[in-house]
Amino acid sequence: MIAVVAGLAVGSVAVCAADQALFLIRDVPAKGEGKTDAAAERSAAIAIAAAALQQLMRRLTARSDHLYLPQVSANRAHEMIKGVEVVRAKRSNTEKGRSFDGALSFLFDTGKVGAFLEASGIGWSARRSGPVLVLPIWSREGQLTLWDGLNPWRDTWEARNGEPGLVVVILPDGGFQDLQAINAVQAARRDLEALAAIAKSYEAQQVLVAVARRDDNEQVSVAAWLFGVRNGIAEQLDPVVHSGDEALARSAASLVSQLTERWKSQAIFPAGPSRTTDVTARFEGIEAWTRILEALDATPAVTDYGVIRFSADDAVLSLIHKGASKDLPALLHAFGLNLAGAEGNWVLRTIPKLKSEQE
C-alpha cells in the first residue's frame with residue numbers, strides 16, 4: 001500500500017489511474033545508511049527525491065522550459081512525494097548500522113507538483129494524447145515490409161518499454177483485419193483512406209507511418225509522417241538518423257520525443273486566466289454537429305463551452321479557452337476544425353476529408 005509520507009515510510013506504490021501513472025518515476029538508483037533497514041531506505045529516498053522530481057517535471061513540461069526548471073531541495077521534494085516503493089535492494093551491515101543499495105520508485109502528488117510548477121511560472125500538462133497508432137515499415141533492397149517477413153523495425157517497437165508519457169503509442173497486432181485494412185505500400189504512400197480504416201480499428205486519432213532503412217555503413221535513417229484522422233492531413237516529421245548497435249531503439253525514442261513535443265505544444269499553455277470567444281458553428285446534419293463537439297472535447301486549449309443558440313444548420317457557441325482568440329484557428333485545426341474570421345465574427349466548421357496522397 002502507499003505509505004504515509006510524513007516520515008517517508010517506504011511501501012508499495014499502487015497506481016490505478018492513467019493520469020496518476022504520469023506522476024510515477026520508476027527504478028531510480030539509490031544509496032543510503034541508517035541505524036535500521038527502514039532508516040537506510042528513508043535516507044536513500046530523501047537523497048534522490050529531488051533528482052526524481054526533476055525527471056517528472058521534464059516529463060510534464062516543454063523542452064524549451066527545461067533550462068528554467070527550478071532547483072528543488074531534498075526536503076521540498078520530499079513534501080511532494082505521495083509514496084515510495086523498493087524496486088530492488090542490497091542491505092549490509094555498516095559502522096552506522098545498516099546500508100541500502102538498490103533502486104526506488106516514487107509516486108508524486110499531482111496537485112502539489114502542479115502547484116509548484118505554476119508558482120514557478122512554468123507551463124505544464126498532465127493531459128495525455130489520444131492513442132497514436134504506429135506503422136513501422138522496414139525498407140530493404142527496395143522491398144517494403146509491414147506485416148510479413150523480417151521486420152526488425154517492428155520488433156524494436158514491440159520491445160519498447162518506455163516510461164509513461166503524455167503521448168500514448170500503440171502497435172497494431174497484425175491480424176487479418178489489419179492486413180485487409182492496409183499494406184506496406186499503401187502506408188508508405190500515405191493512402192488516407194487506408195490509414196483512416198486501420199486507425200478506426202484501434203480508436204486512434206493519429207497514425208505514425210515510419211519507414212526505416214539501414215545502409216551499408218550500418219546507419220539507420222527513418223522518414224516518418226503523422227496522419228491526423230480528424231483533419232485528414234499527413235505531416236512529415238523531422239528525419240531521424242542513428243548509427244551503432246542501438247540505432248533502431250534510439251530512432252524509435254527520437255520519434256516518440258518528436259510526438260511528445262508536438263503534443264505539448266498543443267496541451268501546455270502559460271498560466272493565466274481563461275478567455276471566452278463566441279463562434280458560429282455551421283454544419284450539415286447531426287453527424288457533422290457531433291464531430292464538432294467531439295473535436296472541441298479533444299482540444300486541450302478549450303476547457304469548456306456552452307451552446308447559446310442552436311438551429312438545424314448552425315449554432316452559436318461560447319468557447320472558454322486558454323491563450324488568445326487569434327491562436328484558436330491553429331489549435332483547433334489540429335483536431336479537425338476550421339475557424340475562420342475575426343474577433344466578433346468567428347465561423348467554425350469541420351475540415352473536409354481529403355483524398356489520398358500518392359507519390
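The largest pocket holds about 720 Å³ of space. This is a predicted model, in which local features need pLDDT of at least 70, side-chain atom pairs count only at pLDDT 80 or more, and totals for chains, interfaces and linings use all residues. Residues are numbered from 1 along each chain as its sequence is written, and side-chain values use heavy atoms, without hydrogens and water.

**Largest pocket**
- The lining comprises 25 residues, with Arg160, Glu163, Gly165, Val256 and Thr260 nearest the pocket centre; lining residues have an atom within 4 Å of a point on a 1 Å grid, and a pocket is an open set of points where a 1.4 Å probe fits, with protein on both sides within 12 Å along at least five of seven lines.
- Two or more lining residues come from each of α2 (37-60), α5 (152-159), β6 (169-170) and α9.
- Helix α9 contributes the most to this lining, with six residues.

**Aromatic contacts**
- The whole structure contains six aromatic pairs, counted where ring centres (the six-membered ring for Trp) lie within 6.5 Å.
- The ring centres of Trp263 and Phe335 are 6.2 Å apart and the planes stand at 70 degrees, so this pair is edge-to-face (over 60 degrees).
- Because Trp263 lies in helix α9 (residues 247-267) and Phe335 in the loop between α11 (328-333) and β14 (337-340), the pair ties together parts 72 residues apart in sequence.
- Both Trp263 and Phe335 are buried (under 20% relative accessible area, 1.4 Å probe).
- One aromatic cluster is formed by Phe283, Trp289 and Phe310.

**Charge over a ring**
- Arg190 lies over the face of Trp225, 3.9 Å from the ring centre; the criterion is CZ of Arg within 6 Å of the centre and within 35 degrees of the ring normal.

Note on methods
Phe/Tyr/Trp six-rings, centres within 6.5 Å; stacked < 30°, edge-to-face > 60°. Helix = DSSP H or I, 4+ residues; strand = E, 2+ residues; numbered from the N terminus. Buried < 20%, exposed > 50% of the residue type's maximum accessible area, 1.4 Å probe, protein only. Points joined across faces, edges and corners; volume = space filled by probe spheres on them.
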